[in-house]
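Colleague: I'm new to this one. Could you put it up on screen and walk me through it?
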Amino acid sequence: KYHFKIHKERSGGYWAECIELEGCRTQADTREELEGNMVEALKLYLSEPQDSKHIFPAPKKSLSGKNIVAVFAHPSVAMANRIRELRLKSKLTQVAMKDRLGMKNLSNYQRLEDPERANPEWQTLLLIKRAFPKFRVDD
C-alpha cells in the first residue's frame, strides 16, 4: 500500500499526491470520486512498460497524519513490479530470468512482468524463491 495526501481546493474539489511516488497525482470533484481515482492513478503509475529499467521505491510501512490515506496497489501490478525489480536488481535479462527459473517459453516469464496478467501460481512463486532465496513470498 502506498500513501496519498489529500488536499481540498478552496473553490471545491480535491486533489491527492502519492507521498512515495513523485508525480503520481490525481483530482476529483468529490472525496468519494477521489478515492477511486487514487486507486486508478496508482495502478497506471506502477504499470511501467515491461522494458523499463525503472525501479519504484517501496511504500513506507505506515504513515499517519492529517489527510493521509493508504491505497493498495492492484495485486497483479504489485506482483509484476516485484518480479521485474528482482530481475533488474539481479542484473538479468528476461531470457536469463526465464532460464534461471527453468521456464520453457519466454512468453511465460514475460507474463509475470505484465501488470495486466501477472498472477503466478504458488508453484511459480516457489521456483522464484528457490532461485532467489531473499525473495519474500509473503510480499
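This is a predicted model: local features need pLDDT of at least 70, side-chain atom pairs count only at pLDDT 80 or more; totals for chains, interfaces and linings use all residues.

Colleague: OK, what is L63 in contact with, leaving aside its neighbours within four places in sequence?

Modeller: H3, I19, E20 and I68.

Colleague: And where is L63 found?

Modeller: In the loop between α1 (31-46) and β4 (68-71). Helices (H or I, at least four residues) and strands (E, at least two) are DSSP runs, numbered from the N terminus.

Colleague: What about K66, buried or exposed?

Modeller: K66 counts as exposed because its relative accessibility is 68%. K66 also has its place in the loop between α1 and β4. C-alpha to C-alpha, K66 and K5 are 8.1 Å apart in space, and 61 residues apart in sequence.

Colleague: Switching topic: how many aromatic pairs does the structure hold?

Modeller: One. The rings of Y45 and F56 have centres 5.7 Å apart and planes at 50°, so the pair is tilted. Rings of Phe, Tyr and Trp (its six-membered ring) pair if their centres lie within 6.5 Å; planes under 30 degrees apart are stacked, over 60 edge-to-face, and the rest tilted.

Colleague: Which parts does that pair tie together?

Modeller: Y45 lies in helix α1 and F56 in the loop between α1 and β4, so parts 11 residues apart in sequence are tied together. Y45 is partly exposed, at 26% relative accessible area, whereas F56 is buried at 9%.

Colleague: Which residues touch the most other members in the largest nonpolar core?

Modeller: Y2, F4, L21, L34, M38, L42 and L46, out of 17 residues. A nonpolar core is a set of buried Ala, Val, Leu, Ile, Met, Phe, Trp, Tyr and Cys residues joined through side-chain atoms within 4.5 Å.

Colleague: Which element gives the most to this core?

Modeller: α1, with five residues. Apart from this core lies another, of 16 residues, among them L92, L101, I128 and F132.

Colleague: Back to L34, what is it in contact with beyond four places in sequence?

Modeller: I6, Y14, W15, A16, T26, Q27 and A28. T26 itself is found in strand β3 (residues 25-28), and it is buried, with a relative accessible area of 16%. Not counting residues up to four places away, T26 touches W15, A16, L34, N37, M38 and A41.

Terms used: Residues are numbered from 1 along each chain as its sequence is written. Side-chain values use heavy atoms; hydrogens and water are left out. Contact means heavy atoms within 4.5 Å. Buried means under 20% relative accessible area, exposed over 50%, partly exposed in between (1.4 Å probe, protein chains only).
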